[in-house]
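Please read this briefing alongside the sequence and the coordinates.

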Amino acid sequence: MPDYTLYSYFRSSCSARLRIVLNLKDISYDTAPVNLLDGEQLSESHRALNPSATSVAALEFLEEVHPETPILPPAGDAKARAVVRTLVNIVSADMQPVTNLRIMRRVRALGGNAEEWNKELMTDGLRAYEAVAKDHAGKYSFGDAITMADACLLPAAWNAERFGVDLRAFPVVSRVVDSLNQHPAVVKAHYFNQPDTPENLRTKT
């Protein structure tokens, strides 16, 4: 039996973060698709599971319960852990909440250009991420092991590219993203390799 059930939409960045970490830690899970475009996440049954629709607490939970493949620096290194959590929050608190589907719909309702809104705010967020990561990055965002920060960064980078952000403007982010995209846990977690990925978007093998 799988260890967990992941309620997931193939293009959800929150879902992708969890898929990356679950795969990295080799934790078994079932996927229960939730179609965001159809508003299934707004149902009473889904809200009862996750009223705030957030994933960072779930990442922290997985780290505590399954520490064998860590996604945070060692417990004794408080400064290193704070840097990783700073990077996590740049994405999860500053970027993703203001560029998600709900906000895009509200921007359009007010007569704005949601795509340009996203591109500008995603660019700002990646600029901040670059500024913090440049002094700490190795192969990945913090040194040479994948951390919680990378699990948050990569879906944000995928979305940023989708809205026309050129990652080459951020050399550290770009290098880290290239490294992450080659990792088997990431390939398995990619938007285009999920059970609910539309057929026309599926990765061809």
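The points below are grouped by topic, after a short note on conventions.

This is a predicted model, in which local features need pLDDT of at least 70, side-chain atom pairs count only at pLDDT 80 or more, and totals for chains, interfaces and linings use all residues. Residues are numbered from 1 along each chain as its sequence is written, and side-chain values use heavy atoms, with hydrogens and water left out.

**Overall make-up**

- The chain has 9 helices and 2 strands; helices are DSSP runs of H or I with at least four residues, strands are runs of E with at least two, and both are numbered from the N terminus.
- Read from the N terminus, the order of elements is β-α-β-α-α-α-α-α-α-α-α.
- Of the 205 residues in the chain, 46% are buried; buried means under 20% relative accessible area, exposed means over 50%, and partly exposed is in between, with a 1.4 Å probe and protein chains only.
- Among contacts in the chain with a separation of 6 or more, 69% are between residues 24 or more positions apart, where contact means heavy atoms within 4.5 Å.

**Aromatic pairs**

- There are 2 aromatic pairs, counted when ring centres of Phe, Tyr and Trp (its six-membered ring) lie within 6.5 Å; planes under 30 degrees apart are stacked, over 60 edge-to-face, and the rest tilted.
- Y4 and F61 pair edge-to-face, with 6.3 Å between centres and 85° between planes.
- This pair links distant parts of the chain, since Y4 is in strand β1 (residues 4-8) and F61 is in helix α3 (residues 56-65), 57 residues apart.
- Y4 counts as partly exposed because its relative accessibility is 24%, and F61 is also partly exposed, at 42%.
- W158 and Y191 form an edge-to-face pair, with 4.8 Å centre to centre and 70° between the planes.
- Distant parts of the chain are linked here as well: W158 is in helix α7 (residues 148-162) and Y191 is in the segment after α9 (184-189), 33 residues apart.
- W158 counts as buried because its relative accessibility is 8%, and Y191 is buried with a relative accessible area of 3%.

**Packing of α1 on α7**

- Two packed helices are described by the angle between their axes and the distance between the axes.
- The axes of helix α1 (residues 13-24) and α7 come within 8 Å and cross at roughly 135°; axes are lines fitted to C-alpha atoms over the stretch in contact, with angles from 0 to 180 degrees between N-to-C directions.
- α1 and α7 are therefore oblique to each other, the class left over once under 35 degrees is roughly parallel, over 145 roughly antiparallel and 65 to 115 roughly perpendicular.
- α1 passes α7 in a right-handed crossing, meaning that the near helix is turned clockwise from the far one by less than a right angle, anticlockwise being left-handed.
- S13, A16, R17, I20 and V21 of α1 meet A151, C152, L154, P155, W158 and N159 of α7 in this contact.

**Single residues**

- A156 is in helix α7 and counts as buried at 9% relative accessibility.
- Leaving aside neighbours within four places in sequence, A156 is in contact with V91 and M95.
- D26 is not a glycine but has a positive phi of about 55°.
- D26 is in the loop between α1 and β2 (29-33) and is exposed, with a relative accessible area of 71%.
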